[in-house]
Amino acid sequence: MKLVIENSDKDLARNAASEEVEKTLREFAINFLRVVAGGGRSYEIYGDMVACIEAAQAYQKVHGLLPSSWDISNAVDGNRADRERMESWSPKDREWYWTNGEAAIIDAKMDIRQASLRIIAAQMAGQRTIQYNAQNLFDKGLRRLDDVREERRRERAEAAKPQRRKGGKSKWSTPRL
């Protein structure tokens with residue numbers, strides 16, 4: 001019984017360290033992106049970096065190694081919330097969202113966000129080829145978004161049109177004299 005309690009304490013410590021790494025990385029990324037965009041709290045950048053290092057060191061103490069690339073990428077994934085929301089849909093909801101175009105809109109927006117971040121990074125690094133490729137991905141995402149929205153607009157307009165009865169005469173029309 002004592003071994004179970006010790007493992008449980010170890011698991012709690014590991015989970016806490018993992019959550020702290022994720023929290024500090026996200027806070028750093030959020031503030032850093034805001035600073036890059038002309039806002040944020042630039043005076044806190046170094047403190048955010050120190051917090052990330054301290055969280056990684058605490059993680060290393062309980063896990064025996066530093067956070068993996070996957071852990072880091074997952075912590076700062078700007079599309080994670082949308083992806084998790086889409087994964088939580090039941091099969092019936094998933095079909096409905098894809099049929100009505102809502103999932104395609106979310107998917108296109110995720111591509112646009114990813115491409116935007118790649119464009120900014122490539123500009124900052126002076127990497128014209130990567131920037132050009134990212135701009136193409138951005139444009140492709142915009143076209144997909146526009147196409148889905150236009151299709152939905154057409155469907156709504158078609159549904160809003162008055163429906164004519166077969167046989168040519170409406171029950172509301174007045175007889176001709």
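In which handedness of crossing does helix 4 pass helix 6? The model examined here is predicted, with local features requiring pLDDT of at least 70 and side-chain atom pairs counted only at pLDDT 80 or more, whereas totals for chains, interfaces and linings use all residues. Residues are numbered from 1 along each chain as its sequence is written, and side-chain values use heavy atoms, with hydrogens and water left out.

The secondary structure of the protein consists of seven helices and zero strands, where helices (H or I, at least four residues) and strands (E, at least two) are DSSP runs numbered from the N terminus. Of the 177 residues of the protein, 20% count as buried, a term that denotes under 20% relative accessible area, with exposed meaning over 50% and partly exposed in between (1.4 Å probe, protein chains only). Among contacts (heavy atoms within 4.5 Å) between residues at least 6 apart in sequence, 55% join residues at least 24 apart.

Helix 4 (residues 80-88) and helix 6 (residues 102-125) have axes that come within 10 Å and cross at roughly 155 degrees; these axes are lines fitted to C-alpha atoms, for helices over the stretch in contact, and the angles run from 0 to 180 degrees between N-to-C directions. The two helices are therefore roughly antiparallel to each other, the term applying to angles over 145 degrees, while those under 35 count as roughly parallel, 65 to 115 as roughly perpendicular and the rest as oblique. Helix 4 passes helix 6 in a left-handed crossing, that is, the near helix is turned anticlockwise from the far one by less than a right angle, clockwise being right-handed. On the side of helix 4, D82, R83, R85 and M86 meet A103, I106, M110 and R113 of helix 6, and the residues of this contact divide into four nonpolar, no polar and four charged.

Three aromatic pairs are counted among rings of Phe, Tyr and Trp (its six-membered ring) with centres within 6.5 Å, planes under 30 degrees apart being stacked, over 60 edge-to-face and the rest tilted. The rings of W89 and Y97 have centres 4.1 Å apart and planes at 15 degrees, so this pair is stacked. W89 is buried at 10% relative accessibility, whereas Y97, with a relative accessible area of 24%, is partly exposed. Y97 also pairs edge-to-face with W96, at 4.9 Å centre to centre and 75 degrees between the planes, and W89, W96 and Y97 form one aromatic cluster.

Conventions: Ala, Val, Leu, Ile, Met, Phe, Trp, Tyr, Cys and Pro count as nonpolar, Asp, Glu, Lys and Arg as charged, and the others, Gly among them, as polar.
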